[in-house]
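Biologist: I have a structure to go through with you. Can we start with the charged side chains and then look at a sheet?

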Amino acid sequence: MSSTTMTTTFAFRRSIHRIATRPTFSAGIRWSSYVGDVRCPAGGGVGTRNAGERDRHGPHERLLVLGSGVAGCAAALTAARHGIPVTVLHAGSRRDDCNSYWAQGGIIYRNYRLRHEGIDGQTTTLVDTPRSLVDDIRVASGYLPPLARAEDLEEGRYTPDDVLLRERNAKPGFRCPTTGITWNEDAAWKLAVEGPSRIRQLLLGRRDGGEGEERGCVVPFDRTAEEDALSLCLEASHAAPRIIHRADCTGKAITTHITRAAAAHPLIEFVGDSVVADLLYDESSSSSSSSSSPLVIGARVLDKTTRRLSDRYAVHGLVLASGGLAGIYRHSTNPAGFNALGSSVGLALRLERSLVGGASPSRIASDLEYVQFHPTALCLPDEPRFLLTEALRGEGAILRDADGRAFARDYHPRGELAPRDVVARAVFCEGQKAEGGGHNAFLDVTHRDPAWLKGRFPSVHEHLTSRAAPLDFSKEWIPVVPAAHYTCGGVTTDLDGRATTVGGGTGTNDGGWVR
């Protein structure tokens, strides 16, 4: 442990020792932005509290994680691996009541089988490299100049020596003179260089070079019949098939296994029906030698069952992993409940307002206007929007207007496999051409084998056929509309996920970044 980390941890302990004796607050809270019903999907279990090993630690000797999805559970398992007790708070009654559960298409990995043959006919080189993924992200982002880094990097860790932009500011990156997009190439390289190894550490088993057995989490991704290798599919904006998946219910498979592994770990506890109302900080810590910014030391939590507030403190810091904000839109692929309502952003903004008031523009959140709309959500009157996975277009689905004209290539040379924002605008524009209250944007996959379709996309098939008026996507075009799907902006962090404060400075010791 570094001296900086030790000093910060001791500061947490001193702050918590002073504050933890404050009385617990009782009911009377307004529910403010927390609305809707709690949806409880099948699978998983009620939030549980592990005993044993974690009981040897003090009540505040823990990391506090807000959110029980894949991000929250991954953070909890990583911390527990290093001997840190973790408390995971989740708003639903079940720990798998999270947006991660509903993801369909798959997760980016890497294609180690696709190779170019050299001109000598003897040597081959990998097609799917970290650089190829970074370039795909660049194109999808709308940044037009070439990559700043000339050389490729190998998988591993993206170190401080690899960073292209050394100066830290509120929004690091290169600005495109044509589109005005600010492109953070370092963030893309970090994803591409570190991503595959993180997948192996958390989700894959030994036969795929993974460590999942050690963590109790080996996700049964689809495999090829010929080689018994991971099945890799193509999705829009990807230059190579690099998406691993479990049919069209990948989120359910990952969430089920990673929450089960976290719940079984003796250092991790889940506390359900817990709505976080505010983040707690210690103002006196701003004079501490470890930081000139107030330390976030815990969260104020509403127990939905008792309707009482309590303060939970955490020596090892706090992780915001409660999802995005796309659920607030009329057309949204996000399920009803406490998911995707902007909880983390709201908590961060309230913290910032408590610290500096509303006089200056926010620095603790950024890029909130960047909400990704999925191009193809099922559009039927008086029914919630249901996600029709990107993988359908990856497997050849065609976008048509009411007259049967395939229109995607009118908007981009890659057609249905163009970046999502391009395809979403195409679907929206064609939909506006509808006459007489009809619909004018449809997804057509009727040219694929019906038995294969229903086996590859069982969740889509089940949803369409379970309606009062069933639809058969192997025989009928499906009406679609773009729907808010994914939040690209949010709480501002550095490459290590540390949140920035408003108090100036750019490092852990000078006030710009806090744990």
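Biologist: Is D273 buried or exposed?
Modeller: This is a predicted model, and in it D273 counts as buried because its relative accessibility is 16%, under the 20% cut-off.

Biologist: Which residue does D273 form a salt bridge with?
Modeller: The partner of D273 is K304, with 3.6 Å between the closest N and O atoms. That pair links distant parts of the chain, 31 residues apart. D273 sits in the loop between β10 (268-271) and β11 (274-282), and K304 in the loop between β12 (295-303) and β13 (308-313).

Biologist: And K304, buried or exposed?
Modeller: K304 is buried, at a relative accessible area of 17%.

Biologist: How many salt bridges does a search of the whole structure find?
Modeller: The search finds 32. One of the salt bridges joins the side chains of D311 and R300, at 2.7 Å from N to O.

Biologist: Where are D311 and R300 in the chain?
Modeller: D311 belongs to strand β13 and R300 to strand β12. They are 11 residues apart, and the pair links distant parts of the chain. D311 is buried, its relative accessible area being 17%.

Biologist: What about R393, which side chain does it meet in a salt bridge?
Modeller: The R393 side chain meets that of E390, at 3.1 Å from N to O. Both residues lie in helix α8 (residues 390-394). They are 3 residues apart, about one turn of the helix.

Biologist: Are R393 and E390 buried or exposed?
Modeller: R393 counts as buried because its relative accessibility is 2%. E390 is buried too, with a relative accessible area of 3%.

Biologist: Over how many bridges do β1 and β14 pair?
Modeller: Strand β1 (residues 63-66) pairs with β14 over 3 bridges, in the parallel sense.

Biologist: Which residue in β14 stands opposite L66?
Modeller: L320 in β14 stands opposite L66.

Terms used. Residues are numbered from 1 along each chain as its sequence is written. This is a predicted model: local features need pLDDT of at least 70, side-chain atom pairs count only at pLDDT 80 or more; totals for chains, interfaces and linings use all residues. Side-chain values use heavy atoms; hydrogens and water are left out. A salt bridge is a side-chain nitrogen of Lys or Arg within 4 Å of a carboxyl oxygen of Asp or Glu. Helices (H or I, at least four residues) and strands (E, at least two) are DSSP runs, numbered from the N terminus. Buried means under 20% relative accessible area, exposed over 50%, partly exposed in between (1.4 Å probe, protein chains only). Two strands pair if DSSP finds at least two bridges between them.
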